[in-house]
Amino acid sequence: MIRPILLHPDPRLRKRAEPVEAITPEIRALAADMLATMYDAPGVGLAAPQVGVPKRLLVMDCVKDPEAPPRPLVLINPAVVWASEATNTYEEGCLSIPEHYAEVTRPAEVRVRWTDLDGAEQEEHFAGLWATCAQHEIDHLDGRLFIDYLGPIKRQLITRKMEKFKRERARAGA
Ligand code: K2U
Ligand code: ZN
């Protein structure tokens, strides 16, 4: 089912998420809900803390071509094990900071290791949007948001606008 996405500022987006100890039916249901929530947004990634679950679990599907088959990935306890010297700058957004975009520079390619829903260890080399997204989502597991890479003035401006957005939404009874 589609779960509500927490909006910045929210202390739950700033906590370090805990490792997933065992792949239980609840973890499987959470992963399915996160994929449904991500596709509904729409987005190309979503991390468990964004739906209020402080667990080290994220989902991604960065396939942009609507003709190509989707490639839903579920990463449990992911870790970047290698990052390129070369960097890539991408105008990032975030489902927890809607309508705000800013350029973020990150390693252009990363190797990520994780456990999949079958409990198998996986390792993959990501480049392009997949690399940006993987790093953006793993940041969420560490309580980091893309606005943390901006200057303090720009970050404060976005935070103030999000506080206003949340106040107005609360008044509208959303
Ligand atoms: O974590 C999230 O908030 C989901 C983001 C992930 C993301 C942000 C920036 C760059 C890559 C991935 C959502 O996908 S934001 C919507 C979006 C969609 C396509 C491309 C970039 C951002
Ligand atoms: Zn995000």
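Which residue in strand 6 is the bridge partner of alanine 79? It is arginine 113.

First, the conventions. This is a predicted model, in which local features need pLDDT of at least 70, side-chain atom pairs count only at pLDDT 80 or more, and totals for chains, interfaces and linings use all residues. Residues are numbered from 1 along each chain as its sequence is written, chains are lettered from A and ligands numbered from 1 in the order in which they are written, and side-chain values use heavy atoms, with hydrogens and water left out.

Let us begin with the sheet. Strands here are DSSP runs of E of at least two residues, and helices are runs of H or I of at least four, each numbered from the N terminus. The sheet is open, with 5 strands in the order 1-2-3-6-7 and antiparallel pairing; two strands pair if DSSP finds at least two bridges between them. At the edges are strand 1 (45–47) and strand 7 (121–127), each of which pairs on one side only. From one strand to the next the twist averages 40°, where axes are lines fitted to C-alpha atoms, for helices over the stretch in contact, and angles run from 0 to 180 degrees between N-to-C directions. Strand 3 (residues 73–83) and strand 6 (residues 109–115) run antiparallel and are joined by 5 bridges.

Two helices accompany the sheet. Helix 1 (residues 25–40) lies across strand 1, strand 2 (57–60) and strand 3, at about 40° to strand 2. Helix 2 (residues 128–141) packs on the sheet and touches strands including strand 6 and strand 7, contact meaning heavy atoms within 4.5 Å. The direction of helix 2 makes about 155° with that of strand 2.

I turn now to ligand 1. It is surrounded by 16 residues, the closest being Val44, Gly45, Gln50, Leu95 and Glu137; a residue qualifies if one of its heavy atoms lies within 4 Å. A backbone N or O atom of leucine 95 lies 2.7 Å from an oxygen atom of the ligand. For polar side-chain atoms, the distance to a ligand oxygen is 3.1 Å from glutamine 50 and 3.3 Å from histidine 140.

Finally, glutamine 50 itself sits in the loop between strand 1 and strand 2. Is this residue buried or exposed? Glutamine 50 counts as buried because its relative accessibility is 1%, the cut-offs being under 20% for buried, over 50% for exposed and partly exposed in between (1.4 Å probe, protein chains only).

How values were computed:
A polar contact is a pair of N or O atoms within 3.5 Å; within protein, one must be able to donate a hydrogen and the other to accept it, and residues adjacent in sequence count only if both atoms are side-chain atoms.
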